[in-house]
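Biologist: I have a structure open and would like to go through it with you. Can we take it piece by piece?

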Amino acid sequence: MTPEIALLLAQDGITTGAIYVLVALGLVLIFLVTRVIFVPFGDVVGYSALTLAALQLKQMPGTVWLVLTLAALATAIETVALIRRGELRLLPKALLTYAALPVLCAGLVWLAAGRELPMWLAVALTLLIVMPISPLIYRIAFQPLADASVLVLLIVSVAVHFAASGMALIFFGPEGFRTEPMTSAFFNLGSIGISGQSLLIVASSAVFSLLLFLMFERTYTGKALRATAVNRVGARLVGIKPQTTGAIAFLLASGLAGVSGILIGPVATLYYDSGFLIGLKAFVGAIIGGLVSYPATAIGALLVGLLESYAAFWDSAFKEVLVFGALIPVLIWQSFMSSGSVEEEIEEEEGDA
């Protein structure tokens, strides 16, 4: 391996790792606030890329029908729950949250589909239709099980993944799509050429990570999310509703998934089930961060991208084996460093409270 090849592989690894950073941060955010290991996160990334591709091909994205279906289910579940609790006064708010807003997003995309759209508008519409997906899934599948164990939530999460993957096949078909690059710029750094798309991916990852940090440090919403992550019972005692923070966490993570799909669309051909592998590799980065540390998660995700890039050069047939094999020493190390599982710690905290 020459130094030039090593630098090229490093560039490719950092670009790929930047995508994994956004996905991994979303996974950690959801887990800390709701204790859900959101397996369908990668599917939402795939939805985003396929939605943008459909808009660029002047087609109606299947995400519109997906959001309408989820909105109908969530509205029905919320309405029945309010009736059972005798809280019909909250029905207008529920209809606005779970019916009106998702239908408005779907309607705007439906009106714009089939037209020649500028890139910025196609990207905005993609984010608009993708962001409601995760909060609606949370209301349908996870909010009713908010007090269940992590294992039960994981089982439900796996089931939701298979449902999401099946719906993606129905709405988008088995064909693969690649979106148009957002920029055709190309820069030469010595003997190494760097595409503008790669720089855009890395810069976007850094900017959104910074925005996430600032939100946690400077806003009441971010502090409420942190409080829920530290102690759900304590947060509830000071007036923070875990259900609300859970929905916010899923909304923010859905935004990160939407951005990830938009960024990765021009550099990889994505199929209806491609997002699962992306989410799984990002999960390796999240595990390196212990599912608790955002900076360590970001570093772990970058390491996964670099490991994948160099492994593909040495032997592409074993690159997935090497990436997922990296979990083994990390898990062994964490088993020595941790005195108990996360679930046990949470249960102990709740028991003490």
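Biologist: Phe142 and Phe250, buried or exposed?
Modeller: Phe142 is buried, as is Phe250. Buried means under 20% relative accessible area, exposed means over 50%, and partly exposed is in between, using a 1.4 Å probe and protein chains only. This is a predicted model, where local features need pLDDT of at least 70 and side-chain atom pairs count only at pLDDT 80 or more, while totals for chains, interfaces and linings use all residues. Residues are numbered from 1 along each chain as its sequence is written, and side-chain values use heavy atoms, with hydrogens and water left out.

Biologist: How many aromatic pairs are there in the whole structure?
Modeller: The search finds eight aromatic pairs. Rings of Phe, Tyr and Trp (its six-membered ring) pair if their centres lie within 6.5 Å; planes under 30 degrees apart count as stacked, over 60 as edge-to-face, and the rest as tilted. One of the pairs is Phe38 with Phe41, which is edge-to-face at 6.3 Å centre to centre and 90° between the planes.

Biologist: And why is the pair of Phe142 and Phe250 stacked?
Modeller: Their ring planes are at 25° and their centres 6.0 Å apart, so the pair counts as stacked. Phe142 sits in helix 6 (residues 133-142) and Phe250 in helix 11 (residues 242-264), so the pair ties together parts 108 residues apart in sequence. Helices here are DSSP runs of H or I with at least four residues, strands are runs of E with at least two, and both are numbered from the N terminus.

Biologist: Which residues do ring pairs link into a cluster?
Modeller: The cluster holds Phe38, Phe41, Tyr138, Phe142 and Phe250. Phe38 is buried at 1% relative accessibility, and Phe41 is buried with a relative accessible area of 1%.

Biologist: Changing topic. How many salt bridges does the search find?
Modeller: Five salt bridges, over the whole structure. The term means a side-chain nitrogen of Lys or Arg within 4 Å of a carboxyl oxygen of Asp or Glu. Lys58 and Glu116 form one, with the closest N and O atoms 2.9 Å apart.

Biologist: Where in the chain are Lys58 and Glu116?
Modeller: Lys58 is in the loop between helix 2 (41-56) and helix 3 (63-85), and Glu116 is in the loop between helix 4 and helix 5 (119-130). The pair links distant parts of the chain, 58 residues apart. Lys58 is partly exposed at 43% relative accessibility, whereas Glu116 is exposed at 64%.

Biologist: What about Glu308 and Lys281, how far apart are the closest N and O atoms?
Modeller: In that salt bridge they are 2.7 Å apart. Glu308 belongs to helix 13 and Lys281 to helix 12 (residues 274-288), 27 residues apart. Glu308 is buried at 10% relative accessibility, and Lys281 is buried with a relative accessible area of 4%.

Biologist: Now the surface. Which residues make the nonpolar patch?
Modeller: Met60, Trp65, Leu96, Leu101, Leu104, Leu108, Trp110 and Leu111 make a nonpolar surface patch of about 780 Å². Patches are made of residues with over 30% relative accessible area and no salt bridge; like charges are joined within 9 Å, and nonpolar side chains (Val, Leu, Ile, Met, Phe, Trp, Tyr) within 5 Å. Accessible areas come from the Shrake-Rupley method with a 1.4 Å probe, and for residues only the protein chains shown count as cover.

Biologist: Where does the largest share of the nonpolar patch come from?
Modeller: Helix 4 (residues 91-112) gives the largest share, six residues. Leu108 lies in helix 4 and is partly exposed, with a relative accessible area of 40%.

Biologist: Last one: how many helices and strands in the protein chain?
Modeller: The protein chain has 16 helices and two strands. Of its 353 residues, 46% count as buried.
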